[in-house]
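Welcome! Please take a moment to look over the sequence and the model shown here, and then we can walk through them together.

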Amino acid sequence: MVSASIVGVLAGLILAPLLGGIINRVKALFAGRSGQPLLQPYRDIAKLLRKGAVFSTTTGEMFGVGPAIGVAAGVVGLTLLPLGGSRAPVAFSGDFLLLLGLLALARFCIVLAALDTGSAFEGMGASREVAFSALAEPAMLLAVGALVRATDAQSLSAAVGAVWKQVWQPSMPAAVLVAAALAVVLLCENARIPFDDPNTHLELTMIHEVMVLDHSGPDFGLVLYGGALKLWIFSALLAGVLVPVRCGSPWLDAVATVIGTFCVAAGGGAVESTMARLRLVRVPQLLVGAAVMAALAVLLVR
Amino acid sequence: MAGVSLAELHNGFSLPSSEVPRCGWDELCTEICTHIGSGARLAALAGRPVNDRLEVLVVLVRPEHGTLALGRAEVGARFASLTPACPAAHMFERELAEQWGVVPDGHPWLKPVRFHRSYRPGHDAWSRAVDDSILPCVTDFFRVDGEEVHEVAVGPVHAGVIEPGHFRFQCHGEHVLHLEIALGYQHRGVERALLAADPRRAIHLAETLAGDSTVAHTTAHCVALEALGAGQAPPRAEAIRAIALELERLANHVGDLGALAGDVGFLPTQSFCGRLRGDLLNLTALVCGNRFGRNLVRPGGVAFDLEPERASELGARLQEILQDVRGALELLFESSSVLVRFEGTGSVSSSLATELGLVGVAARASGLERDVRAELPVGMYRFAQVPVSTWHTGDVFARAWVRWLEVQRSAVLVSDLLAALPTGGLATRCPAPRGDRIAVAMVEGWRGEVCHLVQTDPGGRIATYKVVDPSFHNWMGLAMALRNQQISDFPLCNKSFNLSYCGHDL
């Protein structure tokens, strides 16, 4: 039991950048291109870690600390993350609040690092990130809250483990709403279309990317890896809710959920390939919509 | 009647300088305002030093007559600005001030345009000393003060591979109160080089006025030279010029529509249009061996023929490309997530567009029927009728939609021209320019009207060469389109105008 959950954490640490590669390949497939190699995100991170970094003279200590805390928070978050029926190494009652807090901590530090540069661009990106996350966090909290309430569980591991017995079968609508809210929050929190365009070079339209414009070398490598861990956490959580494999063997459950995680990433790539970005002023509306869906799910479950 | 103080001229023709009446500046200003009030627009304002004074030559387009109107007046070191009465003149007056060291009194925002020294040593509109350094965009900027108002400065170095320009936003949060655009980084002094150039070399300068409008600028240059020398390109050459001009329009419009899709993150159309633009550029290469149409248009005609085999290959390939373009663009215009981004973004009302004197796609997207191909047809366009494509909303959608309409109509025009290519020679010898004449050549490039105003001295040497790229008229339109918009929509608005930096900076 313990071994499977430790392996789950290691899988997250190792496979997280692969999700970005999967998304890129799906997008390339839609565009009729052959696309970059599946393992390109690993190469990018490895390249950045070997490089030197340039620091603006206006930056202070926070600038370097932000990316490191971002990765640290992601790693700790992984230990709380169940892979479907496979429990997380650390599970206690109310652990989902800690997971959300860790994600908030990572964002807070990256935002501080951005503000540390004193650049108008980064300040703009930071203000956007904070404004949107203020709406995404309640949606996330409500979605996880609905999950926990429906399964009568105390911890995330117990809730995700029981989701197919107690949520999907008796009250389908609530489960659909929870999954939809989680999917919206996933796209927003990970700077994907329709919220943000990870490929754009237009600094005025960026949200997440513009915050890390000044980071270079190993720091930027950490930012990318931290982002990959975050994408993994959200995708695995969504896959845990969506993948109906609860066969009792933690190994099988975990493998099924990892495959589901890859499918979630591929679905994200398909969304990016077929729709345009939202206008920035419309983003809050969609996030509030997600929060409303999650709130409705809380009301629907008994 | 062109009015007592203006002379009438047809596009692509010349007249003796003496036939352009001279009048007082105030009288000329009144005349300009009267004409603009009755539907004319300002095409060019050029200065020429006469003794210690400056002769200002004005060219108006009078669409309802299908003619140009020329007038001139002499001004001293200071004169009353035309801009308060005719906002479209504001850039021209700034240009006059910078080039000739004259001061238009009452100009609302008199700043340098391209940051170079005055052409008349000792005259400087800002009383800068001879040894003062002049650096691009080191100047005053409009500034909004107040709590929570902040300034965002973008460029001249951008994140993408584009030309250098400096954009200053006065913002309240995401809301743009004002955008000021400062250019001049690309100033090369082409107009002055055209004056001094050997006639055989001038054509190469004309080709590089704005690289994406090579055919438009070279055609205007050649038409102006032919008008001055009483030369005439043969019909077959005129047809090949028109084909090249329409291919240039097709390639750039398709590329722009793909880039617009990219700016809203709509990948399918972006990917396809990127390839299709290349395919369309290759059609120009099929005609003359260069993807941007260099070395094709020459004074007196064209340098390359379109034999029947190549003409039919061109037509077949164009049809094939157009089918793919149709697929990619129908997808774009049918996607609600794209339309919601395009519609209502960066609107320019038709009254504002008229006031600012916008031209080309930007003007037509605001509902103005401004298209030199229909208004002042020259060359093949006298025989091939082109419907003017307009849309009334003035937003990003309108600018995209007008491009799509023009893509379809240009493709039809190219097919028609290919089907009935006139026979005959490719070029005639273009005689040397006659002395003391003024010629104006206007060509509707893909971005808008390109105007070349050329004046010769009594010896037949070129004394004034004024180039007006459509970007020169339209940059202010972009700045105004951004008012009360979201700063995050700037890249999209910018792309929908897609103005040239080097065409402006010359």
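Predicted model: local features only at pLDDT ≥ 70, side-chain atom pairs only at ≥ 80, totals over all residues.

Let us begin with chain B, whose secondary structure amounts to 16 helices and 16 strands. If you follow its C-alpha trace along the principal axes, the spans are about 65 × 60 × 45 Å. How does the radius of gyration of chain B relate to that of a compact globule? A compact globule of 506 residues would have a radius of gyration near 23 Å, and the 22 Å of chain B agrees with this. Buried residues account for 57% of the 506 residues in the chain.

Is B:A239 buried or exposed? The residue has 24 C-beta neighbours inside 10 Å, and a residue is buried if that number is 20 or more, so B:A239 counts as buried. Setting aside residues up to four places away in sequence, B:A239 touches B:M380, B:L417, B:L421 and B:P422. Look at B:L418 as well: this residue is 179 residues away from B:A239 in sequence, yet their C-alpha atoms are 8.4 Å apart in space.

Next, turn to the largest nonpolar core, which has 268 residues. Which of its residues touch the most other members? They are A:A139, A:A143, A:V178 and A:A294. Helix α9 of chain A, residues 217-242, gives this core its largest share, with 17 residues.

Finally, let us visit the place where the chains meet. Here 24 residues of chain A are in contact with 23 residues of chain B. On the chain A side, at least two residues each come from α1 (2-31), α5 (120-151) and α10 (250-274). The largest share, three residues, belongs to α1(A). Sorted by class, the side of chain A that touches chain B holds twelve nonpolar, seven charged and five polar residues.

Conventions: Residues numbered from 1 in each chain as written. Chains lettered and ligands numbered in written order. Contact = placed C-beta atoms within 7 Å. Helix = DSSP H or I, 4+ residues; strand = E, 2+ residues; numbered from the N terminus. Nonpolar A, V, L, I, M, F, W, Y, C, P; charged D, E, K, R; others polar. Core = buried A, V, L, I, M, F, W, Y, C linked by C-beta atoms within 7 Å. Buried ≥ 20, exposed ≤ 12 C-beta atoms within 10 Å, placed from the backbone. Rg over C-alpha atoms; globule rule 2.2 N^0.38 Å.
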